[in-house]
Amino acid sequence: MTEKVAFCATLSDSGAYGPFEQPKDVPFKKVITNIGNCYNCSTGVFTAPVDGVYYFSFSYHAGGNRQSGLHLVKNGQFIVQSEHIPFGRSMDKSMDKSMDKSIDMSMDKSI
């Protein structure tokens, strides 16, 4: 029998998060759903309960004159990343960013 696994989480209901001087882990602490309890909102880590292909999607709003980005990391290795690097002299340097990725994962491996 296959276990059902799904989770959806957000940072919070509030506005801006950051800026930060150094890269840091960002756990998405507001959990909307966590079927299978495989997502840990304290650490931001998802652990696969069974071997399979898992689909991950995230989006964010990058604004202002600061560089921003999100990186999806599996077992310490970058899998996919999205970066916002402002350029030009325009006052509005904001941008909505999103990305998704299907990842083959073995049981008990984390992302």
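Strands are DSSP runs of E of at least two residues, numbered from the N terminus. On that basis, Gly36 of this predicted model falls in the loop between β2 and β3. Gly36 is partly exposed, at 41% relative accessible area. The C-alpha atoms of Gly36 and Glu3 lie 7.3 Å apart, although 33 residues separate the two in sequence.

The protein chain contains zero helices and eight strands. Read from the N terminus, its elements run β-β-β-β-β-β-β-β. The chain has 111 residues, and 23% of them are buried. Its accessible surface is about 8100 Å². Carbon and sulfur atoms account for 51% of that surface. Of the contacts with a separation of 6 or more, 52% join residues 24 or more positions apart.

The interior was examined next. In soluble globular proteins, nonpolar side chains tend to be buried together. The largest nonpolar core here has 14 residues. Phe46, Tyr54, Phe56, Leu72 and Met105 touch the most other members of this core. Three strands, β5 (52–62), β6 (68–74) and β8 (95–105), each supply at least two of the core residues. The largest share comes from β5, which gives four residues.

Ile103 sits in strand β8. Ile103 counts as buried because its relative accessibility is 5%, and the cut-off for burial is under 20%. The C-alpha atom of Ile103 is 5.2 Å from that of Tyr54, at a sequence distance of 49 residues. Tyr54 is itself one of the residues that touch the most other members of the largest core.

His71 belongs to strand β6. With a relative accessible area of 36%, His71 is partly exposed. Asp25 lies 46 residues away along the chain, and the C-alpha atoms of His71 and Asp25 are 9.3 Å apart.

The loop between β1 (6–10) and β2 (30–35) holds Leu11. Leu11 is partly exposed, at 31% relative accessible area. A nonpolar patch on the surface is formed by Leu11, Tyr17 and Phe20. Together these three residues present about 270 Å² of accessible area.

Beyond its neighbours within four places in sequence, Lys29 contacts Thr10, Leu11, Cys41 and Ser42. The approach to Cys41 can be given as a distance. The C-alpha atoms of Lys29 and Cys41 are 4.8 Å apart, with the two residues twelve positions from each other along the chain.

Cysteines were then considered. A disulfide is a covalent bond between the sulfur atoms of two cysteines. The search of the whole structure returned zero disulfides. Cys38 is buried, because its relative accessibility of 11% is under the 20% limit. Cys41 is partly exposed, at 29% relative accessibility. That value places Cys41 in the intermediate class because 29% lies between the 20% and 50% cut-offs.

Most residues other than glycine have a negative phi. Asn37 is not a glycine, yet its phi is positive, at about 50°. Asn37 is placed in the loop between β2 and β3 (39–40). Asn37 is exposed, with a relative accessible area of 65%. Gly36 is found in the loop between β2 and β3 too.

Asn75 likewise has a positive phi of about 50° without being a glycine. Its location is the loop between β6 and β7 (77–84). Asn75 is partly exposed, at 45% relative accessible area. Asn37 is classed as exposed because its 65% is over the 50% cut-off. Asn75, at 45%, falls in the partly exposed class because that class spans the range between the cut-offs for buried and exposed.

Technical notes:
Residues are numbered from 1 along each chain as its sequence is written. This is a predicted model: local features need pLDDT of at least 70, side-chain atom pairs count only at pLDDT 80 or more; totals for chains, interfaces and linings use all residues. Side-chain values use heavy atoms; hydrogens and water are left out. Patches are made of residues with over 30% relative accessible area and no salt bridge: like charges are joined within 9 Å, nonpolar side chains (Val, Leu, Ile, Met, Phe, Trp, Tyr) within 5 Å. Accessible areas come from the Shrake-Rupley method with a 1.4 Å probe; for residues, only the protein chains shown count as cover. A salt bridge is a side-chain nitrogen of Lys or Arg within 4 Å of a carboxyl oxygen of Asp or Glu. Buried means under 20% relative accessible area, exposed over 50%, partly exposed in between (1.4 Å probe, protein chains only). A disulfide is a pair of cysteine sulfur atoms within 2.5 Å. Contact means heavy atoms within 4.5 Å. A nonpolar core is a set of buried Ala, Val, Leu, Ile, Met, Phe, Trp, Tyr and Cys residues joined through side-chain atoms within 4.5 Å.
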